[in-house]
Amino acid sequence: MLKIAVLISGGGSNLKALIDATADPDFPAEIACVGSDTDAPGLEHARAAGIPAFVVRPRDSDSREAWGEVLAAAIQEHHVGTGPHPGLVVSAGLMRILPPGFVRAFSPRLINTHPALLPAFPGAHAVRDALAAGAERTGVTVHVIDEGVDTGPVLRQAAVDVRPGETEAELHERIKQLERPLLVQTVREIALGELALPGAR
Ligand code: GAR
C-alpha cells in the first residue's frame, strides 16, 4: 500500500477527492498525513476522516529552506519517504514553492497538480493568466515537481475549452471537475506501478 502525504493551502477539494478514493479498500494508496503552510479550510476534510493534519508556517522558520526541512520532517514522521517504502508527496493546491532541499528529499516521488496545460501558464494565477491571454483552451497538468516553478516532467493532462465571458471562478471550477479524477487516477497508476516517475530507481 502506497503511503501518501497531501499538501494543501486552500479548500482542499482535490484532497477530498483523494480521501474519498482511498476510503475504498481496493484503492492501492492511503493518505498518511495532510500538511499545510496555513490554517487551510481543507484541513477539516482530513480531520473529519481521522487523518493526521498539521500546519508548518513559513514565518516560524528563518528561511524557505528551513521551512522545507521542518515540513519534510513532519511528513517523514508519518513514514512517507522513509524506510523501505518510498511513499509519495502530493501537492494538491499548495500555494508555495517547495524549496530545493525539500524537492531533493523526496524527488522524484513528489507530484503537483496545476490548473493549466503546462508549460503554458505556470505560477500562482494560472486560470487568470489563461483568461488574460485570451486562451481558447486550458486545462490541468499533473507533473513531477523539480526545483523550478511548474517545470517538472508532465505525467497527465486534461483540456477544457474556455467559454466566452467565463469568469476566473467559473473556469477554475470546470478545470477542477477534470482535475480531481485526473489526480486520483494518476495516484492510482503510480501506486500500481503503471506510471513510472521519471528518474525513479
Ligand atoms: C487546484 O486547482 C490546484 O490545481 C491549484 O489550486 C487549486 C486547489 O483547489 N493549484 C495551483 O494553482 C498551484 N499553482 P482545492 O483546494 O479545491 O483542491
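Figure 1. For Thr113, the distance between a polar backbone atom and an oxygen atom of the ligand is 3.2 Å. At Gly123, a polar backbone atom is 3.4 Å from a nitrogen atom of the ligand. The protein covers 91% of the 450 Å² of accessible area that the ligand has on its own (Shrake-Rupley method, 1.4 Å probe). The model is predicted: local features need pLDDT of at least 70 and side-chain atom pairs count only at pLDDT 80 or more, whereas totals for chains, interfaces and linings use all residues. Residues are numbered from 1 along each chain as its sequence is written, and side-chain values use heavy atoms, with hydrogens and water left out.

**Figure 2. The shell around the ligand.** Among the 14 residues around the ligand, Gly12, Ser13, His172, Lys176 and Glu179 come nearest (a residue is near if one of its heavy atoms lies within 4 Å). By class, the shell comprises two nonpolar, 10 polar and two charged residues; Ala, Val, Leu, Ile, Met, Phe, Trp, Tyr, Cys and Pro count as nonpolar, Asp, Glu, Lys and Arg as charged, and the others, Gly among them, as polar. At least two shell residues come from each of helix 1 (13-22), strand 5 (110-114) and helix 6 (168-191), helices (H or I, at least four residues) and strands (E, at least two) being DSSP runs numbered from the N terminus. Helix 6 gives the most, with three residues.

**Figure 3. The aromatic pair in helix 4.** Phe102 and Phe106 both lie in helix 4 (residues 100-106), four residues apart, about one turn of the helix. Rings of Phe, Tyr and Trp (its six-membered ring) pair if their centres lie within 6.5 Å, and planes under 30 degrees apart count as stacked, over 60 as edge-to-face and the rest as tilted. The count by this rule is one aromatic pair. The ring centres of Phe102 and Phe106 are 4.9 Å apart and their planes stand at 45°, so the pair is tilted.

**Figure 4. Backbone features in loops.** Most residues other than glycine have a negative phi, and most peptide bonds are trans. Ser107 and Pro108 are joined by a cis peptide bond with omega of about 0°, and Pro108 is placed in the loop between helix 4 and strand 5. His79, although not a glycine, has a positive phi of about 65°.

Terms used:
A polar contact is a pair of N or O atoms within 3.5 Å; within protein, one must be able to donate a hydrogen and the other to accept it, and residues adjacent in sequence count only if both atoms are side-chain atoms.
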